[in-house]
Amino acid sequence: MYWQFQVPALPDGTQVVYGLAGIVVAAVVVAKLSKRPNLDAIPTVGSSTWLGSWWAGIQFSTRAADVLQDGYKKHKGTPFKVANGYHWMVVLSGPQLVEDVRKASKDELSFTEAANDTMNLEYTLGHDTLHNPYHIPIVRLQLTRNLGILCLDIRDEIVTAFEETLDLRGNEWKSVPALQTVQKVVSRASNRIFVGLPLGRNPDWMDLNVQFSVDVIKRGVLIGRFPKVLAPLVVQFMTSVPGSVRRAMNHLGPIIEERRKHLDEYGKDWADKPNDFLSWLMDNPEGSKSSIKDLTLRILFVTFAAIHTSSNSFTQALYDLAANPQFIQPLREEVESIIEKDGWSKGALAKMHKVDSFLKESQRVEGMACVGTLRKAVQNFTFSDGTVLPKGTLVTIASKATYLDNEVYDNAEMFDPFRFANMRDEDGDGAKHSLVSISLEYFAFGQGIHACPGRFFAATELKSMLAHVVLSYDVKLEDNATRPQSLRSGIHIAAHPTARVMFRKRAY
């Protein structure tokens with residue numbers, strides 16, 4: 001799972017922090033650079049000198065994709081390193097090294113530690129939420145198992161949310177801000193499953209969810225501009241997350257207290273008990289003893305993960321659809337034929353191979369990062385080729401460069417929406433090429449034990465949204481517009497935040 005962001009304006013108090021930081025930052029940088037893990041045996045892309053690597057790290061923030069593409073061409077199939085901020089990042093490619101990462105345990109290569117290093121999550125989401133993630137198995141098991149039952153609820157919320165958010169009149173075209181529109185729909189569809197109704201449709205709750213996701217990204221990035229030793233000081237000036245948590249507790253607190261009364265009186269199986277993530281969280285042995293604040297933080301954590309990733313992915317797909325309206329009809333025909341036979345169901349969605357392929361190809365061409373499967377070595381780790389990764393090193397996979405490799409994907413630079421549907425037909429192996437599949441050449445949902453636990457929910461939501469859009473609306477870009485370009489900052493890729501898309505009710 002990866003995080004998108006826009007480089008934000010500096011919040012109030014930041015100048016003060018910069019002033020304080022300036023007094024000590026030079027000494028800290030010297031100490032950090034001198035204590036970095038010894039990676040002399042791994043070739044460098046860019047400068048490997050002490051001062052040169054520091055400057056290369058600054059340049060990486062604006063040219064990451066080019067640097068990684070250059071490294072991939074020179075060192076394909078073998079590790080190389082790039083300077084990224086105050087540390088080196090080792091970059092991998094090729095099936096064997098990817099397999100090494102896939103098989104590594106969390107005690108060897110940690111996603112949690114890597115995410116915290118790069119996004120400072122313990123300062124925004126809380127230490128316990130990050131390091132005692134009992135909510136993750138609930139996502140992986142109970143959420144996934146309930147998708148068949150909840151599929152119609154997701155569908156109902158998507159239909160209602162699009163209708164109310166777009167507010168179309170007659171058969172006229174209407175221009176809407178794509179990302180903001182998608183965020184509202186994703187927020188409602190996700191919260192229908194996370195906290196249920198009526199809270200999932202509460203305007204303040206929806207606004208809070210979207211803003212919280214943006215704040216976590218912004219504040220994490222801003223904290224990351226300073227050496228770690230300054231993080232506790234910086235966070236006092238920069239984070240607005242505690243205020244968001246208090247605001248969320250005002251909504252969730254009464255609901256949690258009411259549900260606890262029912263649990264105390266009737267046990268876990270009381271009549272009309274909501275079948276949502278909050279209930280599953282409260283049924284968990286740890287969750288049942290947790291404070292309202294802890295439960296609120298975990299709800300915010302899953303909504304943060306769901307909203308910003310799915311919103312970015314669907315907005316990119318929407319840009320692709322609007323820029324290529326010739327693909328609407330074949331998608332529409334597939335959806336209509338399946339729904340006519342099977343109705344709206346989890347099984348019906350599984351048969352929508354073109355819908356699935358369109359979303360997967362959009363992620364391949366315009367994903368959320370130019371690297372994938374970020375990990376941190378929590379002990380010395382030896383790859384199958386003998387390369388030793390010292391403890392404390394960040395390691396990742398050159399995903400974007402792999403996706404643009406013609407030896408991996410035919411005509412790799414071309415957007416081919418039914419690429420994976422055609423691969424299904426050729427191979428006769430549907431699961432291998434589906435959106436949620438994990439392979440040694442596709443990294444959108446990670447690898448191994450850290451593969452995204454919510455990917456089945458995300459796929460259900462995204463496929464339901466795309467199927468509904470092509471079935472119910474005509475879509476295009478504004479006159480003379482081209483496909484909106486993604487924003488890039490460091491390794492991150494974000495859907496254009498202000499571009500607009502035209503909608504109208506489907507013309508029959």
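Select Asn 284 to begin: at 17% relative accessibility, Asn 284 counts as buried, where buried means under 20% relative accessible area, exposed over 50% and partly exposed in between, with a 1.4 Å probe and protein chains only. This is a predicted model, in which local features need pLDDT of at least 70 and side-chain atom pairs count only at pLDDT 80 or more, while totals for chains, interfaces and linings use all residues. Residues are numbered from 1 along each chain as its sequence is written, and side-chain values use heavy atoms, with hydrogens and water left out.

Asn 284 sits in the loop between helix 13 (277–283) and helix 14; helices (H or I, at least four residues) and strands (E, at least two) are DSSP runs, numbered from the N terminus.

Centre on Val 475: beyond its neighbours within four places in sequence, its contacts include Trp 173, Leu 318, Pro 325 and Phe 503.

Now show the open sheet of five strands, in the order 1-2-8-5-3 with mixed pairing; two strands pair if DSSP finds at least two bridges between them. Strand 1 (80–84) and strand 3 (109–110) are at the edges with a single partner strand each, so one side of each has no neighbour in the sheet. Strand 3 pairs with strand 5 (residues 372–377) in the antiparallel sense over two bridges. Select Ser 110 and its bridge partner in strand 5, Lys 376.

Finally, select helix 9 (residues 178–194) and helix 10 (residues 203–224), which pack at about 110° with axes 10 Å apart. Axes are lines fitted to C-alpha atoms, for helices over the stretch in contact, and angles run from 0 to 180 degrees between N-to-C directions. The two helices are therefore roughly perpendicular, a label for 65 to 115 degrees; under 35 is roughly parallel, over 145 roughly antiparallel and the rest oblique. Where they meet, Gln 183, Ser 187, Arg 188 and Asn 191 of helix 9 face Trp 205, Met 206, Asn 209 and Val 210 of helix 10.

Note on methods:
Contact = heavy atoms within 4.5 Å.
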